Amino acid sequence: LQEAVRGADPAWPLHIHVAEQVREVRDCLEATGRRPLRRLADLVGLSERWCLVHATHLDDEEAHLLASSGAVAGLCPTTEADLGDGLFRLADHLDGGGRLGIGSDSNVGTDAFAELRLLEYGQRLTSLRRLVAASAAEPSTGGRLWRAALAGGAQASGRAIGRLAAGCRADLLVLDGASPTVAGLERDRLLDAVIFGPGPVPLRDVMVGGRWVVRDGLHPHRAPISAGYREVLARLVA
């Protein structure tokens with residue numbers, strides 16, 4: 001691991017899964033005498049280059065170390081729920097100024113809004129309180145989570161994305177303003193409604209890298225993709 005980090009381009013972000021499961025923590029302790037995140041920090045240090053995926057099972061020292069290091073916690077709530085991994089220490093991380101990104105390391109779910117909703121609701125279930133991600137400075141739970149995920153995702157990918165600004169890649173989601181879910185809402189109230197509101201997210205258009213890939217809710221290659229999927233599925237279940 002040390003050799004790989006030394007040989008990596010300094011501009012590259014570095015991603016690693018760490019402390020995802022209880023057995024992993026136990027095995028690392030038995031083998032090295034240190035917990036996984038502490039062991040990683042001792043070997044290569046932590047900085048803004050790092051994205052630590054999952055980081056689910058941290059003790060108090062590790063939670064403080066991660067939050068203060070500038071590294072991104074790469075959270076995958078749907079995957080972690082699907083595998084029964086556990087819950088990330090979100091409140092401690094945010095209170096300590098920690099950074100986070102949202103994503104999935106499987107195809108169980110690929111909906112960023114759903115990931116953020118599950119992240120917050122999981123915290124509420126275990127802490128027995130509401131609005132875990134909200135703060136006095138950012139009282140909107142949806143707004144705070146969405147902005148944190150955009151900034152953390154940009155940092156973890158090492159790309160100029162996640163902002164409407166000169167020099168950033170044009171990745172856009174356009175909502176259907178006529179949908180009852182978002183009608184009349186703006187800014188943080190809009191984000192709260194999209195993440196925590198009823199029904200599917202009312203997406204209308206999607207732009208990726210300056211190119212429209214979804215217009216009026218339809219992908220231009222939807223028909224052949226659907227046909228190909230059905231063909232493969234029929235072979236697999238035959």
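R34, R38, D42 and E61 are linked in a network of salt bridges. A salt bridge here is a side-chain nitrogen of Lys or Arg within 4 Å of a carboxyl oxygen of Asp or Glu. Side chains of opposite charge can pair when their charged atoms come close. A search of the whole structure finds 17 salt bridges. The model is predicted: local features need pLDDT of at least 70, side-chain atom pairs count only at pLDDT 80 or more, and totals for chains, interfaces and linings use all residues. Residues are numbered from 1 along each chain as its sequence is written, and side-chain values use heavy atoms, with hydrogens and water left out.

Take the pairs one by one. R124 meets E120, with the closest N and O atoms 2.7 Å apart. Both sit in helix α7 (residues 112-127), four residues apart, so about one helical turn separates them. Helices are DSSP runs of H or I, at least four residues, and strands are runs of E, at least two, numbered from the N terminus. E120 is buried, at 0% relative accessible area. R124 is partly exposed, at 21%. Buried means under 20% relative accessible area, exposed over 50%, and partly exposed in between, with a 1.4 Å probe and protein chains only.

R23 and D27 also form a salt bridge, at 3.7 Å from N to O. They lie four residues apart in helix α2 (residues 22-32). R23 is exposed at 56%, and D27 is partly exposed at 35%.

R99 and E48 meet at 3.3 Å, N to O. This pair links distant parts of the chain, 51 residues apart: R99 is in strand β4 (residues 99-102), E48 in the loop between α3 (36-44) and β2 (50-54).

Now the strands. β5 (residues 172-175) and β6 (residues 203-208) pair in the antiparallel sense over four bridges. Strands pair if DSSP finds at least two bridges between them. L173 has V206 as its bridge partner in β6. β6 also pairs with β7 (residues 211-214), again antiparallel, over three bridges. V208 stands opposite R211 in β7. Two residues lie between the strands of this hairpin, and G209 takes a positive phi near 60°.

In α8 (residues 141-157), the buried residues include L145, W146 and A149. S140 caps its N-terminal end, with a side-chain oxygen 2.9 Å from the backbone nitrogen of G143. G158 follows α8, with a positive phi near 70°. α10 is hardly covered: the count of buried residues among its 16 residues is zero. L233 is found in α10 (residues 222-237) and is partly exposed at 36%.

Definitions and conventions:
The expected span of a helix is 1.5 Å times one less than its number of residues. A polar contact is a pair of N or O atoms within 3.5 Å; within protein, one must be able to donate a hydrogen and the other to accept it, and residues adjacent in sequence count only if both atoms are side-chain atoms.
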